[in-house]
Amino acid sequence: MLVIPIYNTIILPEVQYNLEPDSLTEREKASLKTEDTVILLPLKESRVREEIKSEDFYPIGLTGVVKGIRNNDEDFIIAVRTDVKVKVHNLVANKEILVADYEIIYDETDIDEREQRAVFNMVMESLAQISSYFQWGSWAMRFSEKLDNVNEVISIVGPYTDLTVEEKYAMLETDSLLERYHLISEAMLKYKDLVELQVDISKKIQDKQGDNYRENMIRRQIELLSDELNEYNPEEVSDVKRLESKIKEAGFPDEARAEIDRVFNKFKQMGSEDHEYGSTLEYLEFVTALSWKPAEETDIDIKKAKDILNKSHHGLKKPKERVIEQIAVMALKKQNAGSIILFTGAPGTGKTSMGKAIAEALGRKYIRISLGGVKDEAEIRGHRRTYIGAMPGRIMESIKRSGVNNPVIVLDEIDKLGYGSFNGDPESALLEVLDPEQNVTFTDHYMNVPYDLSKVLFICTANSIDEMSEPLLDRMEIIELSGYTAEEKFHIAKEHLMAKSLEETGLLKKNIGISDSVLKNIIANYTMEAGVRGLKKQIDKLMRQAAVRILEEEIGKVVIKKEDLPKLLGNKKALHDKALKHNIPGVVTGLAWTQAGGEILFIETTALSGTGQIVITGQLGDVMKESASIAVNLVKSLLFDRDIDFRDKDIHIHVPSGSVPKDGPSAGITMFTAITSLVLGINVSSELAMTGEISLRGQVLPIGGLPEKLMAAERAGIKKVLIPLSNKEDLIDVPESTKNSLEIVLVDTVTDVAREALELSLHPNNRGFFNEKSKKNKKKMKKDENSDFISK
């Protein structure tokens, strides 16, 4: 049987309705004929006909007989007389037609005719009172004389009451006539009271002593009028209605919903002139703008992720491998997994851009938060709303800006957070944010409700971790970006920086010619850095100068040659030390690590008449000074059998480039070799360099920055390098070209160092060093003015 959807109308048996079925399709209209029986079935909420589904209907409806159909150009009206109450089955709802089966439901007659007549008289009396307030009242009363049952009265009055859809359906659903009449009577009384309130409002009569019921009616009336206005002016929807809709759709968890409902209910009582109105509105706008519903997880393509990382970053093999491992685990678990990653390294090595590439590989929103100079804990946790100008913390503000609850957030320059003060300790405030066990219920002071941060992928960056707190570091996995080799910088410049610089300056590839040799020359002589920012600046400078020439000289292409660089870029910025042609006793080449990469350095020693003091110069740090003391004492202990008196000599140890601060223990074996060379008057090959920490027992201990140091040795023309045996596994990170060009010798003790650097061996009875070529060396030493320490 054909179903006609009814929304927000009281439908009861034995009533005639004139329906304007906007929700009927053309096929349904065409199929209707007079005396057809149809089903009137109420909808739970208004829907466009094409979107109506079977679950949108209430199960109870009415059968009705079509008494007339008016169909002309202006309107289409169907007159239907309702009959019996039915329960529908097998409802079929599609875009063409609504049909269903039904079974009749009989009402329980639990009220006699005398009681029915009493209710009817009471309802008619209420209708008369209501009509007396309006000009059309007399007409309404003449019309009401034709009515003969309660159902007809409430059906006519129904559209003007404030009954909800559920309340209107309850009148139809009940099987008890007594309960239905009670509901109708109550609805009429409420409508009468509502009309009286409308009259009071129109006459501007305010009764401040009214009871709560009347106040609620006034508020309901205001809401109804507001709804009407909103339909005509959607852009002027009130703050309350707009927020009410947002809160309903936000999907807050129970704990958060309770607090937000409390604040919203308080907000509804405020007037716009209230001093808290603005701050409360901002708060509600903020929490409703956050994404609370679970984000739709996208499938992670591990191959695509690899391609994105390789395309965006050249080199950085180990960091990219670790990132791919994390992404693979996330793909399997369908959630964030593993430690928070901390990328550390010199500026310009790609830490921040690596985070952006990870976001692209995961298909997530990317947010960067710079923490440099942040000294206030409230920047992380937010301000409490009791403060004037209170704001949420940067974490929650960024999540709101992203529009999702699972972005990739890069906490940039985390090592530059300010130290704790009277404003709190921002570094400690990050402990909860970065702890997967705690951030599930992170509570921003401004929000005052917990928010789940476990879906956010945090990535941190730092230039140095030396000053960071241990608890914070414990929550992160440190991945070091040690810097790019010259070869890697060349590929980055050729494949990325050139194209970016061309785009920024408006040039085309055909407008400029820069050969590979020119790029390599720029890298070697005009930059001194671990990253590529300085290289980018130099390339930009060349592009800008080329743009000027193209416009001034009206030429199509500028070719930059190697000999043009001094004129275009100025004097060389990077002056790298080269291996000496000849070493004298007491001078040994060492290796050092800097943020700009590796360098060679020279340890110079000499002896002066004195009182056995050690003089150290070259702006050395405490650790390096301690290494010098260990080296001197170790030499004394190993040369105890020789007739050498250290008491009347001062040993001066100097490291050139005195304006540059130097520190670290890795020059230990270099100082030991230099002092031994000085004391014994033995030259150390200028093609030999070394690095390693020493202990007072003569052990050679591991050092850091091995790849950069070995590349520096190769660049300086060194042929042979001594490194600690403990660093053997680190050779895997050294480029093959570097390993092939150097003779790398692993040393475990200073005995190994003395044998490789000075051709000395330790006496079998541990009686110090000896050299089979000592006579030859002595003759040579007597000719050397620097050889003050000579065995007598």
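A nonpolar core is a set of buried Ala, Val, Leu, Ile, Met, Phe, Trp, Tyr and Cys residues joined through side-chain atoms within 4.5 Å. Buried means under 20% relative accessible area, exposed means over 50%, and partly exposed is in between, using a 1.4 Å probe and protein chains only.

Before you start clicking, note that this is a predicted model, in which local features need pLDDT of at least 70, side-chain atom pairs count only at pLDDT 80 or more, and totals for chains, interfaces and linings use all residues. Residues are numbered from 1 along each chain as its sequence is written, and side-chain values use heavy atoms, with hydrogens and water left out.

**Stop 1: the cores**

Select Leu-411, Ile-414, Leu-434, Leu-453 and Phe-458. These are the residues with the most contacts inside the largest nonpolar core, which has 52 residues. Now colour helix 10 (residues 277–289), which supplies the largest share of this core, six residues. Helices here are DSSP runs of H or I with at least four residues, strands are runs of E with at least two, and both are numbered from the N terminus. In soluble globular proteins, nonpolar side chains tend to be buried together.

What does Leu-453 touch, not counting residues up to four places away in sequence? Show Ile-395, Met-396, Ile-399, Val-433, Asn-439, Val-440, Phe-442 and Phe-458 around Leu-453 to see them. Contact means heavy atoms within 4.5 Å.

A second, separate core has 50 residues, including Met-330, Ile-341, Ile-358 and Ala-546. Keep Met-330, Ile-341 and Ile-358 highlighted for the next stop.

**Stop 2: the cavities**

A cavity is found on a 1 Å grid over the protein atoms alone: it is a set of points where a 1.4 Å probe fits but cannot get out, and its lining residues have an atom within 4 Å of a point. Grid points are joined across faces, edges and corners, and a volume is the space filled by probe spheres set on the points. Searching the whole structure turns up three cavities of 30 Å³ or more.

Met-330, Ile-341 and Ile-358 are among the residues lining the second largest cavity, together with Val-323, Gln-326, Ile-327, Leu-457 and Ile-459. Helix 12 (317–333) and strand 12 (457–462) are the elements that give two or more residues to this lining, and helix 12 gives the most, with four. The second largest cavity holds about 50 Å³ of space. Its lining has seven nonpolar, one polar and no charged residues. In this count, Ala, Val, Leu, Ile, Met, Phe, Trp, Tyr, Cys and Pro are nonpolar, Asp, Glu, Lys and Arg are charged, and the others, Gly among them, are polar.

Next, go to the largest cavity, with a volume of about 80 Å³. Which element gives the most to its lining? Select helix 5 (residues 165–173), which contributes four residues. The lining divides into nine nonpolar, two polar and one charged residue.

**Stop 3: salt bridges**

A salt bridge is a side-chain nitrogen of Lys or Arg within 4 Å of a carboxyl oxygen of Asp or Glu. The structure holds 29 of these.

Select Asp-175 and Lys-85, whose side chains meet at 2.9 Å, N to O. Asp-175 sits in the loop between helix 5 and helix 6 (177–202) and Lys-85 in strand 5 (residues 76–93), so the pair ties together parts that are 90 residues apart in sequence.

Now show Glu-504 and Lys-536, another salt bridge at 2.9 Å, N to O. Glu-504 is in helix 18 (residues 486–505) and Lys-536 in helix 20 (residues 533–553), 32 residues apart. Lys-536 counts as buried, with 13% relative accessibility.

**Stop 4**

Select Thr-589 in strand 16 (residues 587–594). Thr-589 is buried, with a relative accessible area of 0%. Beyond its neighbours within four places in sequence, its contacts include Asn-583, Phe-602, Leu-688 and Ile-718.

Finish at Ser-627 in helix 22 (residues 622–638). Ser-627 is buried too, at 7% relative accessibility. Leaving aside neighbours within four places in sequence, Ser-627 is in contact with Gly-664, Pro-665, Gly-668 and Met-671.

Conventions. 1 Å grid on protein atoms, 1.4 Å probe; cavity = no way out; pocket = protein on both sides within 12 Å on 5 of 7 lines; lining within 4 Å.
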